[in-house]
Amino acid sequence: MHAELIIKGASVVTMNPDQPRAQAVAVAEGKILAVGSDADIVEMIGPATRVVDAKGATLSPGFVEAHMHVFGGGASLGHLQLTGMKGAAMIRAAVQAHALAQPDAKVLYAQGADYDMLDGAAFDRHLLDSMVADRPLAIVTFDHHTMWVNTKALEVTGLLQGKTLGPGNEIVMGADGLATGELREVEAFGPIDVYAGEDRNSLGLSTGGEPNPAPSDEDRKADRETIKRGLDWCARHGITSIHNMDGNLYTLDLLKEIEAEGDLSCRIKVPFHFKNFMSIDMLEKASMMHETYTGDWINSGMVKVFCDGVSETYTAFMVDDYADRPEFKGDPLFSQAQFNELAIEADRRGLQIAVHSIGDGAVRRVLDGYEAARTANGPRDSRHRVEHIEVIHSDDLPRLAELGAIASMQPPHVPGLLDFPEEPARGRFGPERWHLSFAWRSVKNSGAHVVFASDWPVARVDVLAGIQAAVTRTPWEPDLPDQSFTVLEALSAYTLEGAYAEHAEDRKGQLKPGYLADLVLLSADIETIAPQEIGTVSPVLTICGGRVTYET
C-alpha cells in the first residue's frame, strides 16, 4: 500500500519500548502504515505520496494538552496581554492604547497580570481609574482566580457596595465601606463577565450550567469562532488532543457543529463541572454527556471539581498554617463528607474525576475521597486525577500510586520559571514545604503517573516551553531535592502520559489506531540542542488522525 504522507530523515521518538527509535513514518487513511528506517519506508512512496524531509528534527507523538480551557483561551486571544510587564506606567500605557484600539468593547480586559507587577504595591480601583475611568476595565491575574477592576466596572455591575458570596469567594472591601476593586474567585468577578457578554465562554467554570436565555444563532456563530480560534492556536503549537477543564453541554454541542463544518483540528474531552452548591443527582447530567459524546474526537466522561483556590490569595487549602499567615489554613470548597459523596457516586457511574487541588490540604481531601470511592465501589481502572498539586504533604505522597490516581501538573507554573514570579507563592508555602512544592520528580519516583500541561490561558500554551521548564528546573535552595525531568521524561508527560490519562487505549492496551497518527514534527532535535534553547523550537507540522492541521 502506498502512503499518503511520509516523514523521513527524522529523529523519531516513538514512545514504544519495543521500538523506541526510528527515522521515518508512513501515514495513510488516518493511520500509521509503518515506522522504521528511511530505507524501509521509501518503498511505500507512490505517485501521490507527499514526502517531507525532517533533516534530523524530532518527530514525536502529538502533544496532549492535559489541562486547559479552549473556549476561554480562544476569547483571551482578543484581550490585552500583560505578561512580563512591570510598573504602573508601563501597564497604564498598554491599557490606554488597548482602549483606543477597542472602542466598542463593553469591558476592556487585560490578561496575564501577576501579583507582584507593582513591586509589592497593590492594584485597586483608584489606580485603575487613573488608567481608564469612563469605561469598565478588568485586569485578570495569570491564574484567573483574581480580577482587579475600576470603579466604573463595579458601578455597572452593582458590586461597589459588595455582595454576599459563597465560601472561597470574596469582594474585598475597603475601610470606606466600598469595594476596593479586588475580586477573588469566579463568583466575585462573574458579574463582570456577564456584563461584558463574555460569560458563555466561562459558564463551565462559573456555574457548570447552560446559557440562559439560549444564545441566538448569531451568538452561537460567534462562540464557534471563538472556540475555533482556540483550537487553531493549539494546532499551531503541536497539540492534537485537549483535556478541557471546564465545559458544559453547550460547549460539546458547539464542538459537534465545528466538527460537522470540517474545522475540528484537535481531539477534545469536555467534562461536566460539579459545583459545591449542586446536589448529587446533578451527576445524571454528567452521565448523559458521557453517553452522548463517546467518539475519539469529541467525548466527555469526566467530572471536574474545584476543591480550593490559589495560594496567592490564601484561598488554597493547607494541612498546616500558611507560612506568612499564622493560624490560617484556607477554606476548602467541599467538606470531606460532601466530597466523599461526590467521589463515590461519580466513581459508581464509571466517570473519571479531576479535581483542582493547589494546597496540600486539598490534595489530602481529594485522595481521601478517592479512597472512600474505592472502599465503597471496589477498585477499578478509574484514573481519577489530582490537578496542579503545587504542594503535597509527605504522608500523602505514596497514596497517589496506591490509589491509581494521576498527578496532573504544570511545569510553566513554578515560581521563578518562564513568566511566573517567585512571590508571593514561595512565601505562602514557606521553607518547610519547599521540598514537596511542584514536586514532579518526587511524585514520579513514588510510582504515580505524572501528566504535564499548561492550563492555558493561565500560562501560554507552549509545550516546548513547558519541556524546557521541566528540564531546566533548579531547586529554590541548594539542599532541596532536584525535581527536574529529562527531555524524554518531559516529552512522555506531554504525550504518552496524556494519552493514558484519557484512556486512549483499546481493549488490548494499545493506543487506538486513530491516535497513532497524531504526530508533531519540530523545527529541531530537542534532545541535541542546549536545554535552555528548547523553548525556541517550534512545530513545523501537526498531524491529527493522519490529517495535517497546522503547517508552517
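1. A crossover counts as right-handed if, with the strands pointing away from the viewer, the path from the first strand over the helix to the second runs clockwise. E20, H12 and E21 form a β-α-β unit of this right-handed kind. Helices (H or I, at least four residues) and strands (E, at least two) are DSSP runs, numbered from the N terminus.

2. The model is predicted: local features need pLDDT of at least 70 and side-chain atom pairs pLDDT 80 or more, while totals for chains, interfaces and linings use all residues. Residues are numbered from 1 along each chain as its sequence is written, and side-chain values use heavy atoms, leaving out hydrogens and water.

3. The unit belongs to an open sheet of 6 strands with parallel pairing, in the order E17-E19-E20-E21-E22-E23; two strands pair if DSSP finds at least two bridges between them. E17 (272-273) and E23 (449-452) are the edge strands, each with a single partner strand, so one side of each lacks a neighbour in the sheet.

4. E19 (residues 302-306) and E20 (residues 352-357) are joined by 5 bridges, with Met 302 partnered by Gln 352. Between E20 and E21 there are 4 bridges, and His 356 faces Glu 387 in E21. E21 is joined to E22 (residues 406-409) by 3 bridges; here Val 386 stands opposite Ala 407.

5. Which residues touch the most other members of the largest nonpolar core? They are Tyr 370 and Phe 452, in a core of 99 residues. Such a core is a set of buried (under 20% relative accessible area, 1.4 Å probe, protein chains only) Ala, Val, Leu, Ile, Met, Phe, Trp, Tyr and Cys residues joined through side-chain atoms within 4.5 Å.

How values were computed: Buried < 20%, exposed > 50% of the residue type's maximum accessible area, 1.4 Å probe, protein only.
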